[in-house]
Amino acid sequence: MKKREAFSNKTDIENIPGISTVRKKSFASLGITDIGALIDHFPRAYQNRGNIYTIADAPLDTPVSLILTVGTDPKSVKIRGNLSLTKFKAFDNSASCEIIFYNRTYADKSYPRGSTHRFYGKLTRTRGGFSLSSPESEPYYEGAKLLPILPVYPLATGLTQKILRTSVRYALDGLYSEYTDGVSEIREADKDPIPAHIRKKYKLCTKAFALENIHFPESEESLRIASDRLAFEELFLLSVKLSYTKKAQKEKNAPVMADTELGEFLKSLPYELTGAQKKVCEAIQTDMSKPTPMNRLISGDVGSGKTVCAAAGAYIALKNGCQAAMMAPTEILARQHFADLSAMFERLGYTCALLIGATKASEKKRIFDGLKSGEIDFVIGTHALIGDKVEFADAGLVITDEQHRFGVRQRAALSEKTKGVHVLVMSATPIPRTLALILYGDLDVSQIDEMPPGRKKVDTFVVGEPYRERLNAFIRKQVDAGGRVYIVCPTVEEAKPDEDEADLNFEDIFGLFEKEEKSELKSTLEYARKLREEIFPDIGVGYIHGKMKSGEKEAAMSAFASGETPILVSTTVIEVGVNVPEATLMVVENAERFGLSQLHQLRGRVGRGKNKSYCVLVSDAKVGSASQKRLDVMKNKTNGYEIAEEDLKQRGPGDFISTSAEMRQHGKLKLKLAQYTSAALMMNASAAASEVITLDPELEKAENAGLRHALGELDLARSGTLN
């Protein structure tokens, strides 16, 4: 083998043959500029080409592999314009089929009569027999080394699967393969962030094996082994990082709140706090009386009263002469908080302001000046709060609501607007304590596990497609009674055929969904059109999804809240932070495609007013299937923490991680594969991190060199003891 230049993770991808200046820009649009980023660009799915069928036995209309011999000379004809069609016959021992290519005029050279190939594509039945349209193929001959499973990557303009596969193959060989001098290049292998004794204890493969088999797996089992190892690494690094972050936070200073008495604040409330709320407030009082910063997460079910606990913290800050800020992820939620809190705080003698993107320039200037001078005590807003012009005279507490919607850096940006500050974050997703301690290891966790009295129960039903007419009649009944109806769909638009067909996805490999239950997905835009034009032409039907501009979302929600469009078709963008008391019905289409915790959050959008509310989960999941059993949990349980525990038990931490994957990143660390793993592996990764840090707090031992290197590579902010 010809000796090549050795690679490292930081080697520029231009060192890979075939990556031109133009192609380099295409890679850059995917965030890939060096070898490390390239090999971390994991496949989104796989083509299982090793499972060979005969034409007669192959399932129709699903990607399959066929070994066929070309039986006729390829013939090309022009159809229209620049579009050409190439056809030829191919056969095996069971039957023959027609192979069709578009704009492949060179096919006569690639597929001479008598040559044999492994074709991969969807077989369809035609009047004349069978047809295979635009398949992928590889020459097949005795001794041919064809990969059994091929990766399918996320692409960008100018890139193809072949380019990605070839580039990744070259990169992996440059990092881990042997060279002509017979010396195995193990520079990167030596930097395995998981120490050898941890790998042995938890039966984990090496980093080299994991990267090889996440990209080019030998089998489904080797893919599972590789994925488990890489998921473990993500969680292991996160746990180590959060341990150092927490240590660093404890070494900072924050204003001591000498007076944490809440008597006057509590008297201003029209209700009495629950026992769980009182415990959270006591923890906040204790934290804020110390010179070290409070970093506390309040986790609680929808309607459990997290906001009033955060408000108690704000009151303590204001009472002690400091300012407070609350950041919400949407203008809708920021306005809602301002409406709920400003009147109460102004009655207590404090000045409040609302700062959002839609705030007029003149009002923004007034708020900027008021915060800088100290005239404004409490500001509530959106991302606008982390703008460069926002300066505080003396901030004592910053609150982040629905914190999983914010990036770590966004949260930090608000905190860093002052030299020392207490931090309180809220999450409306009930998270099992064991999971919360791992995902939010840099925060002290408080759970509100008790609901205020008087909260109405939302009746939940699971129905199939045969109930559609009755469901439509029920929707009309709710609207006629003055209610509002949410209809949630799993996609924005209709799924388009994927040019890179795959028959093996992570969801299949790790059993997250049952293959036979993958029903056609309803899309927000198409279903909204159908409801408006065909089913409820006399009722206003609106829609909202995450790709809409902020102003469009605001307008859609306003029209829904006012009753102008009492039916709102949506994606899960309305999962949290939306409060329309008139909403009495939540309909979730393709409910089997959602996790339990996500379904519980959606159900929490109704039952907020005085009228009886309902949740209808529409699914054709088979009786006795895992999906049907999950939906039965939703029908029979209302406690968010019980549902979260069941979600963790049945499907692992995937839904908790996937909804906040972008949030849970530090430096370059993102949780890509952790969502596909088991809860047990997550616990093991956390335990392993604790074990390593306990035995070697400064990571000075040689066995932890790879871990130390990984933390440096990720540009993680550490405690100062790691350089």
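How many aromatic pairs does the structure hold? In this predicted model, there are 13 aromatic pairs.

Begin by selecting Phe265 and Phe345. Their ring centres lie 6.4 Å apart and their planes meet at 45°, so this pair is tilted. The pair links distant parts of the chain, the two residues being 80 residues apart. Phe265 belongs to helix α8 (residues 263-267), and Phe345 to helix α11 (residues 331-347).

Next, select Phe474 and Tyr614. Here the ring centres are 5.1 Å apart and the planes stand at 80°, so the pair is edge-to-face. This pair, too, links distant parts of the chain: Phe474 is in helix α15 (residues 468-480) and Tyr614 in strand β24 (residues 614-618), 140 residues apart. Phe474 is partly exposed, with a relative accessible area of 23%.

Finally, turn to charges placed over rings. Select Lys522 and Tyr527: the charged end of Lys522 sits over the ring of Tyr527, 5.3 Å from the ring centre. Then select Lys672 and Phe42, where the charged end of Lys672 sits over the Phe42 ring at 5.2 Å from its centre.

Technical notes. Residues are numbered from 1 along each chain as its sequence is written. This is a predicted model: local features need pLDDT of at least 70, side-chain atom pairs count only at pLDDT 80 or more; totals for chains, interfaces and linings use all residues. Side-chain values use heavy atoms; hydrogens and water are left out. Rings of Phe, Tyr and Trp (its six-membered ring) pair if their centres lie within 6.5 Å; planes under 30 degrees apart count as stacked, over 60 as edge-to-face and the rest as tilted. Helices (H or I, at least four residues) and strands (E, at least two) are DSSP runs, numbered from the N terminus. Buried means under 20% relative accessible area, exposed over 50%, partly exposed in between (1.4 Å probe, protein chains only). A charge sits over a ring if NZ of Lys or CZ of Arg is within 6 Å of the ring centre and within 35 degrees of the ring normal.
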